[in-house]
Amino acid sequence: QVEAASDATLLRWLAADGVHAFLPPRELHFKICRDHTPPAWVRDQIFYQVFPDRFCQGDPALAVRTDEYVYGDGHRRVVQVPWGAPIDPALGPTAFYGGDLVGVRAQLGYLADELGVTALYLNPIFTSGSNHRYDTEDYAHVDPHLGGDAALAALAADLRARGLRLLLDAVVNHTGANHPWFDRYGRHAGDGAYRRADSPWRGWYVFSDAGYASWNGHASLPVLDFAHPGVRAEVYAGPDAILRRWMRPPYQIDGWRFDVIHMLGEGGTATANADHVRAFRRALRQENPAAYVLGEHFGEATRWLQGDQEDGAMNYYGFAFPVRAWLAPPHADDDPARLTTADLDHWLTAARARLPADNQLAQLNLLGSHDTARALTALGGEPARLAIAVALLFSYVGVPCIYYGDEIGLAGGPDPDCRRCFDWDRARWDHDLHATYRRWIAWRKARPELRHGAYATLAVGPDALAYARFTADAVTIVAVNRASTPARLALPLAAVPVAPTTWRDATGAPCAAPAELDLPPLAAAVWFGDA
């Protein structure tokens, strides 16, 4: 789009990241993908991520017992740990607290009715010897210690009855070393790929004189080779493939979150990755035309998000990392490496601008997960900083996802400490923080512009940022201040192509247009305008 300057001699180009004095590169041109768009339902959701072993115990009889079996190579005990006991890093994947799908189902009233969640994302639930279950041993069945297939069917039925959605974790880059296809430690019939060179599954993995290909060098996670037709048939191409069967009754899940999706491919590498991710998408859409295809990416994921592969990514790069870097408390020496507000705005804009608009709205925004330190801990243990992050999470472009327990003030350092048990003793909750989550969830549900609207940065101060989300007839303005001192911002409301006739503040009271803002220290503020 070309704009003539007042003297009619200069040109300006409008691109997805703003106005340029020169022709912007193709990657910044506005993008519309008409053939492949994310499901319309996704942008309306409030996701909640559950790590099953740590959320809620519904049936104590299902719990793993100490020394019930040995893990991995047979030298690691599994240990039953009392609910809420501190994380012992030495136990790692062999500490079981006893959370299960029966417990998740029992807490749907809390999640849906009290908090306002509309969709669940569950970390892996299929049979495995570890508490994280990223080393799958049986893709055909839900782990009996979580309640088995019947527990998932009952949970799915209750979710559908409430109008809630369900997303499962697809771990198909690798299996566990104890999967019957591999059977490194001889737990099965002895004809796994590791045990016999003539195994029917030998070609499903990648062997060499140096050993076998595994994820990030972890011997417990042998990598599948998608060059083999048997792998393709079992994962996505066959009539009863893994990705297909759980989308059918009685489970009817609404989509998959694909673990380390950028790493899977052929020959133990990511060769032909795009071809297989496109095939995943086709398989899911054949089962359910409104299936959500979500990829795990810690880095920039533009090439997976152009419409033909993923609908959205776990938005570490384009949301979680910049927000946490901007909000983290300064060091005592005022560390000059701290992200400036201008750099925050630039980072967010650069990440957003490279995606088609529909895919921007389907990005899964998060503040933390099972792979990162808890947001509260990363933000210095200061609830006020987390409250600002919550305002950004629910008002920024994309779909918000709450990591279980963040809403009550659950703390935790890096993995495995970020996987503490949910504390069901309400006397220990941060009720102000919990109210902040509920308030923002209600606003997001009530304001279409927060789910569907365009975005515009309005003001960038040294420690404060203001922006608008807007549709043709409504606008929400959000302003945040990370400083321990007040901040003043002037807002160019004319930059927003909406002319509200009424404005209301966070209390719902009528107010004047928020053109001049005085923000308190460590605060977030919001205004709602309607034409």
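The largest cavity is lined by 20 residues. Among them, Asn-315, Gly-318, Ala-351, Leu-355 and Gln-363 lie nearest its centre. A cavity here is a set of points, on a 1 Å grid over the protein atoms alone, where a 1.4 Å probe fits but cannot get out. Lining residues have an atom within 4 Å of a point. This is a predicted model, in which local features need pLDDT of at least 70, side-chain atom pairs count only at pLDDT 80 or more, and totals for chains, interfaces and linings use all residues. Residues are numbered from 1 along each chain as its sequence is written, and side-chain values use heavy atoms, with hydrogens and water left out.

The space in the largest cavity is about 190 Å³. Grid points are joined across faces, edges and corners, and a volume is the space filled by probe spheres set on the points. Helices α8 and α9 (341-353) each supply at least two residues of this lining. Helices (H or I, at least four residues) and strands (E, at least two) are DSSP runs, numbered from the N terminus. By class, the lining has eleven nonpolar, seven polar and two charged residues. Ala, Val, Leu, Ile, Met, Phe, Trp, Tyr, Cys and Pro count as nonpolar; Asp, Glu, Lys and Arg count as charged; the others, Gly among them, are polar.

Five cavities of 30 Å³ or more are counted by this rule. Strand β12 (165-170) and helix α6 (242-245) each supply at least two of the lining residues. Nine residues of this lining are nonpolar, one is polar and two are charged.

Next come the pockets. A pocket is an open set of points with protein on both sides within 12 Å along at least five of seven lines. The largest pocket holds about 780 Å³ of space. Of its 34 lining residues, His-132, Trp-215, His-218, Ser-220 and Leu-221 lie nearest the centre. The lining divides into twelve nonpolar, twelve polar and ten charged residues.

The second largest pocket holds about 460 Å³. It is lined by 24 residues, with Phe-30, Ala-357, Gln-360, Ala-454 and Tyr-455 nearest its centre. Helix α9, helix α10 (357-361) and strand β20 each supply at least two lining residues. Here the classes are 16 nonpolar, four polar and four charged.

Two strands pair if DSSP finds at least two bridges between them. Eight bridges join β22 (residues 474-481) to β26 (residues 523-530). In one of these pairs, Val-480 has Ala-524 of β26 as its bridge partner.

Return to helix α8 (residues 316-327). Its axis comes within 11 Å of that of α12 (residues 383-395), and the two cross at roughly 145 degrees. Axes are lines fitted to C-alpha atoms, for helices over the stretch in contact, and angles run from 0 to 180 degrees between N-to-C directions. Phe-319, Val-323, Trp-326 and Leu-327 of α8 meet Arg-385, Ile-388, Ala-389, Leu-392 and Leu-393 of α12. Contact means heavy atoms within 4.5 Å. Eight of the contact residues are nonpolar, none is polar and one is charged.
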